[in-house]
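Please read it with the sequence and the model side by side.

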Amino acid sequence: QVQLVESGGGLVQPGGSLRLSCAASGSIFSINGMGWYRQAPGKQRELVALITSGGRTNYADSAKGRFTISRDIAKNTVSLQMNSLKPEDTAVYYCNAAITNSRGTGNTYWGQGTQVTVSS
């Protein structure tokens with residue numbers, strides 16, 4: 001069984017920063033891409049940032065220049081540093097990972113989500 005557990009959400013004022021972390025655990029053979037998505041009330045879930053096993057990154061236009069995704073392959077973790085936060089960044093943020101388990105089966109896994117609220 002594979003699990004993704006997020007941490008680091010919370011309430012922050014506009015212009016502030018937050019760092020989200022996600023740890024994958026369980027019967028993991030390998031992890032390919034990892035990423036962060038978010039879903040605001042009444043809106044569809046959208047991509048925020050992705051990082052491949054080789055370290056290549058991809059960001060939503062709304063995240064470019066403000067957010068930085070990184071991963072620690074040895075620890076099976078991915079992080080999202082969010083700076084210059086805006087009220088429109090308010091959403092539930094979900095960790096996502098493409099994982100091959102110890103039996104050789106590949107699947108996409110999601111974390112439970114962590115709330116980020118940007119408000120004065």
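This is a predicted model: local features need pLDDT of at least 70, side-chain atom pairs count only at pLDDT 80 or more; totals for chains, interfaces and linings use all residues.

1. **Disulfide.** Searching the whole structure turns up 1 disulfide. It is formed by C22 and C95, whose sulfur atoms lie 2.1 Å apart. C22 sits in strand β3 (residues 18-26) and C95 in strand β9 (residues 91-101), so the link joins distant parts of the chain, 73 residues apart. The angle about the S-S bond is -80°, a left-handed link. C22 and C95 are both buried.

2. **Salt bridges around R38.** The whole structure holds 4 salt bridges. Side chains of opposite charge can pair when their charged atoms come close. In one case R38 meets E46, with 2.8 Å from N to O. R38 also forms a salt bridge with D89, where the closest N and O atoms are 2.9 Å apart. Because R38 belongs to strand β4 (residues 28-39) and D89 to the loop between β8 (77-82) and β9, this pair ties together parts that are 51 residues apart in sequence.

3. Which of them count as buried? R38 does, because its relative accessible area is 7%, under the 20% cut-off. D89 is buried as well, with a relative accessible area of 1%. E46 has 36% and is therefore partly exposed. Salt bridges with shared partners join R38, E46, R66 and D89 into one network.

4. **A further salt bridge.** The side chains of D61 and K64 also meet in a salt bridge, at 3.1 Å from N to O. D61 counts as exposed because its relative accessibility is 63%, over the 50% cut-off.

5. In soluble globular proteins, nonpolar side chains tend to be buried together. Here the largest nonpolar core has 29 residues, and the members that touch the most others are W36, L80, M82 and Y93. At least two core residues come from each of β1 (2-7), β3, β4, β5 (46-51), β7 (67-72), β8, β9 and β11. β9 contributes the most, with 5 residues.

6. **L80 as an example.** What does L80 touch, leaving aside residues up to four places away in sequence? Its contacts are L18, R19, L20, W36, V48, A49, F67, T68, I69 and Y93. Of these, W36 and Y93 are also named with L80 among the core members that touch the most others.

7. **Side chains along β11.** The side chains of β11 alternate between two faces. T114, V116 and V118 point to one face and are buried.

8. **Pairing of β11.** β11 pairs with strand β2 (residues 10-12) in the parallel sense, over 3 bridges. Within that pairing, L11 stands opposite T117. β11 also pairs with β9, here in the antiparallel sense and over 3 bridges. Q115 in β11 is the bridge partner of V92.

9. From S120 to L20 is 100 residues in sequence and 20 Å in space, C-alpha to C-alpha.

Notes. Residues are numbered from 1 along each chain as its sequence is written. Side-chain values use heavy atoms; hydrogens and water are left out. A disulfide is a pair of cysteine sulfur atoms within 2.5 Å. Helices (H or I, at least four residues) and strands (E, at least two) are DSSP runs, numbered from the N terminus. Buried means under 20% relative accessible area, exposed over 50%, partly exposed in between (1.4 Å probe, protein chains only). A nonpolar core is a set of buried Ala, Val, Leu, Ile, Met, Phe, Trp, Tyr and Cys residues joined through side-chain atoms within 4.5 Å. Contact means heavy atoms within 4.5 Å. Two strands pair if DSSP finds at least two bridges between them.
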